[in-house]
Amino acid sequence: MTKNQVLKDNKLSMGVIVDKKITVSGAVQGVGFRPFIYNTAQQLGVVGEVYNNSAGVVIIIQCSQVQFNFFLSTLKNNIPTLASITDIAIEDCQINTYLDFNITHSRNGKNTTVVLPDACICAECINDIIDKNNRRYGYAFTNCTNCGPRFSIIKKIPYDRKSTSMACFTMCQKCQQEYQNPNDRRFHAQPNACSECGPQLQLTDSEGEDIVTNDTIKKTADLLKQGKIIAIKGVGGFHLACLASSKSAVAELRKRKHRAHKPFALMAKDVEMVQKYCQVSQQEEQLLTSNAAPIVLLIIKNNTPSSLVAPKQKKLGFMLPYTPLHYLLLQQFDEPLVLTSGNKSHNPQITDNQVALQELTNITDYFLMHNRDIVNRLDDSVVQYVANETTIIRRARGYAPSTLPLPHGFEGHQGLLAVGAELKNTFCLITNNNAIISQHIGDLKTLESYQDFQDNIALYQQLYESKIKHLVCDLHPEYLSSKYADNYAENNNIKLSIVQHHHAHIAACLFENGRAISDDKVLGVAWDGLGLGADNNLWGGEFLLADYSSFKRLAYFEYIPLLGGDKAQTEPWRMAYAYLKHYKIPADGYFSGKPTTDFDALLASNMALNYTSSVGRLFDAVAYLLDICTDKISYEAQAAIELENMADACIITGEQPAYEFGLKKIKNHFYIDSKKFWISIIKDLENKVKNEDIAYRFHLSLAKLLVDIVLQLQQIYQFNTVVLSGGVFHNQLLLTLVNKLFTKIKGITLLTHSKLPFGDGSVSLGQAAISIAREEKYG
C-alpha cells in the first residue's frame, strides 16, 4: 500500500483514533531523526509531536490504526543515514487532541541514548563549499545533520547546541532559519554555522604571531609546498603536516618529533590519488570513503611519495579528507600530505590552541588553528581489510564511542566500569542496554596520558549519567589502570574484580560476535606481547578452553627468560639470545658486541627472572636473526611489523615448507617446544637461504602449528568454536594464512575481531563480560 493510498483510505474512513507514545533508543540524536519523523507525519496526515530526551527520541502520535501501522513501518525501514535504532518502545497513552504535528523542545528523562561518533563530510556539504554561488563557498566548518562533529564537541546529553562547544557561536539569521526549518537538512544540526557566525581559521607563525592573508587555506598550502611543517587543528586534535614528497621536510619532522622509523599517515584528496601509490580493493575503497573515514593500511603498488614516510614498510596508511578544512586544503595539491598526530612522543594528541603553541613550537613552523574548542580528544582510527573482514587496529574517530548490544544473558547490568590494560588502553562502561567502549586512549605511561584516561572516565559517567557500582581491572597489579581501579574501589567502598589478561581477550571476541552468556566453551588462541598469567609468569602464547566465566589453560609456548626485564621488549637481540641459550644452540657470530657474558653469568646464578610464553617476543627474536632491529626498536611492534614486510617479499611462497615445533605434555596440559624450529632457522641462515624465505616460512609455520594444535586438542575436548585474539593477529599475513587453513576444516567455527582491535584495545570489554558472567553464575 502506498502512502497516497493510505491517505486516501483514511480520508474515506479515519476509523478508531489511537493515541501512542513511541520511545526510540539508539543513535537518534543529531542525525536528522526528528525532521525525518516530522516529514513522515506530514506525509501521512497524522498529528502529535516529537522531541529529544535523555532516552532518545519520543514520538506522541494521534491517528488511525492504519496510519499508525504505516508510520511504524516507515520508522523501522527508512531512517536517516547516520541513525541506528536499538529499541522501539510503544505504549498507549491518553493525550489531548492535537491539531497538527510539531517538533517540540528537548526534555530530561532516564538516560539511555548513545553519543554519536564524528562523521566525515557528506557529498552535499562538499558541493556547498565548492560552489561559488553558495553562501558556504570555501567555509571550513560546514556541516549538516548527515555529517560533521559529534562526540568531539559534546559536553552532555541530550545533544543540543547549548551542550556543545558551539554554544558560544550565535547563529546568524540565515543559519537560524535553516536550523528551524524541518524541511532543511540543517534542521537542528547543532554545529550549524557559516562564515558570518561560526568558527574561524587563524594562521600564525611558530611564535603565535598572525600571518596576514586574504586566503588562509591557500597560504597554508603555499607554505607546505615550500617544505614547511604546519600544526593543523582538526576535529579531534592537532596534526603535524608536511608535503609527503619532500624528503627534507619529512626528515626534519622525524628529527623534531624524535620519531626515527614509525610510519607516518598520509592524506590524499581522493581515491584516485591513493591508487597512484597503493593497491585499493573495492572493500578498501569503501573503508576509505565511509562515514568513519579511517586511516586504511594499503599495500604499496610501486612507489611512495618519499622513502622516509614509511621506512621498510610494504604498506602505507592513507585517509581521505574528512572535514571541510581538510577537503579545501587537499584541493590545493596533486600529491598527498603527511598528517601525523600533533603531540610530543608518548603524550596524547594536543587539542588546545594555547597548549599547542607551548608544546609544538619547536616542532612546527606554522600553526593553522581555529576557535571551536575540541571537548573530547580523538585520534584517527586505523583499519585494514584482511581475509574478507575489516580489522580495526586503533578504534577512535568515526567509530568511538559507538556501542555494542548486550548478548543474551548480559541484560540488566549497569554501573560497571572495566578499566582495560596499560598499553593501547580503552575502558568499557556497561549501561542498561549497551557496552560502551571508549575511544583509543593510548599508553598510560605518561602523566598526561594517565590524566586523559581519568578525564575520559569522568566524562563518560557524566554523558551516560552512570554511577560506578563495580570496577574490573587486569590481573597485573602494576598496570596504572589496575592501580586506578584499586584506588577508586577503596576510596568509594565498591566492589573490584580482577580478570586475567588473555581470558579477557577471548571474552571480548565472544561478546562482539554476540555469543550468549551461557554458550558452550570455546578454544581461545590468545597470542600477544605480554600479559600476567595465573601462575605469575608473563603469558602471550596461549590456548585456553574458555567461556565467559572461566578458562583452563590447555597449551602454551615454553617459557623463556626475559633477559633484562622490560629491556627485552625493546631490544630484540635479548630474546634471540635467550632462546638459543635456553635450547643450547651455538650462537657464535650472531651477537657480536652484545653483553652476552653478563647474561651467561645471570643465567648461571639462578637468580629470579621473569619468564614468558609470548609469541610477540618470538617474533622479536626471529626478526633480530634476520637483521631486523639489531640494536633496539623505536616504536612498539617494529620488529614484528618489519618481519611481516620481509615475509611479504618472499617470491615462491607455495613451495616453502613449514618449520617443525615440538608438542610435549606435562600432566594435564601441553607446551610447545621450539628447539627444532631454532635449529632449522640457524641451519637456513648458515646455508644462505634468503631472509625473505625464512621470514615467510616462520609465518607459515606458526599458522600450521596453530591449526595442528587446535585439531589435536579438539580430539580431547570436543569444542566446535575457535576464537583468535591478541595483538599478534594484527599481522595480516599470519591471519590470512590461518584463515586459509581453517577453510579446509569442517565442524569448527572460527571467530575473530571485526568491531574491536585484536590487541589490548579490546581487553576492557572482555573484562566487563567476564565480571558479569561470574556474577550471574556465582552471585
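The legends below describe close-up views of a predicted model.

**View 1. The open sheet of 10 strands.** The strands of this sheet follow the order β6-β13-β7-β8-β12-β9-β11-β10-β14-β15, and their pairing is mixed. At the edges stand β6 (201–205) and β15 (389–394); each has a single partner strand, so one side of each is left without a neighbour in the sheet. From one strand to the next, the twist averages 35°. Within the sheet, β10 (residues 295–299) and β14 (residues 382–386) run parallel and are joined by 2 bridges. Ile295 has Val382 of β14 as its bridge partner.

**View 2. Helices α6 and α7 on the sheet.** Helix α6 (residues 216–225) lies across β6, β7 (230–233), β8 (238–243), β12 (337–341) and β13 (366–370), and its direction makes an angle of about 35° with β6. Helix α7 (residues 247–257) lies across β8 and β12, running at about 145° to β8.

**View 3. The buried face of helix α6.** Which residues of α6 are buried? They are Ile217, Thr220, Ala221, Leu223 and Leu224. Seen down the axis of α6, these buried residues fall within an arc of 160°, so they line one face of the helix. Their cover includes the strands β6, β7, β8, β12 and β13, together with helix α10 (324–330). After α6 comes Gly227, which has a positive phi near 90°.

**View 4. The open sheet of 5 strands.** Another open sheet has the strand order β4-β1-β3-β2-β5, again with mixed pairing. Strands β4 and β5 (101–103) stand at the edges with a single partner strand each, so one side of each is left without a neighbour in the sheet. On average, neighbouring strands of this sheet are turned by 20° against each other, direction ignored. The pairing of β1 with β3 (residues 56–64) is antiparallel and extends over 8 bridges. One of the residues involved is Asp19, whose bridge partner in β3 is Gln62.

View 5. Helix α2 (residues 33–44) lies across β1, β2 (47–53), β3, β4 and β5, and runs at about 170° to β5. Helix α3 (residues 65–77) lies across β1, β3 and β4, at about 150° to β3.

**View 6. The second largest pocket.** This pocket has a volume of about 690 Å³. It is lined by 31 residues, and those closest to its centre are Pro117, Gly398, Tyr399, Ser402 and Thr403. Two or more lining residues come from each of β1 (17–27), β4 (84–92), β16 (403–405) and α14 (501–512). Which element gives the most to the lining of the second largest pocket? That element is β16, with 3 residues.

**View 7. The largest cavity.** The model contains 4 cavities of 30 Å³ or more. The largest cavity holds about 200 Å³ of space. Its lining consists of 24 residues, of which Pro149, Val235, Tyr322, Thr323 and Pro324 lie nearest its centre.

**View 8. The surroundings of His476.** His476 lies in the loop between β20 (470–474) and α13 (480–492). Although 25 residues separate His476 and His501 in sequence, their C-alpha atoms are 8.1 Å apart in space. When its neighbours within four places in sequence are left aside, His476 is in contact with Ser482 and Leu532.

Key:
Residues are numbered from 1 along each chain as its sequence is written. This is a predicted model: local features need pLDDT of at least 70, side-chain atom pairs count only at pLDDT 80 or more; totals for chains, interfaces and linings use all residues. Side-chain values use heavy atoms; hydrogens and water are left out. Two strands pair if DSSP finds at least two bridges between them. Helices (H or I, at least four residues) and strands (E, at least two) are DSSP runs, numbered from the N terminus. Axes are lines fitted to C-alpha atoms, for helices over the stretch in contact, and angles run from 0 to 180 degrees between N-to-C directions. Contact means heavy atoms within 4.5 Å. Buried means under 20% relative accessible area, exposed over 50%, partly exposed in between (1.4 Å probe, protein chains only). The arc is that of the directions from the helix axis to the C-beta atoms. On a 1 Å grid over the protein atoms alone, a cavity is a set of points where a 1.4 Å probe fits but cannot get out, and a pocket is an open set with protein on both sides within 12 Å along at least five of seven lines; lining residues have an atom within 4 Å of a point. Grid points are joined across faces, edges and corners, and a volume is the space filled by probe spheres set on the points.
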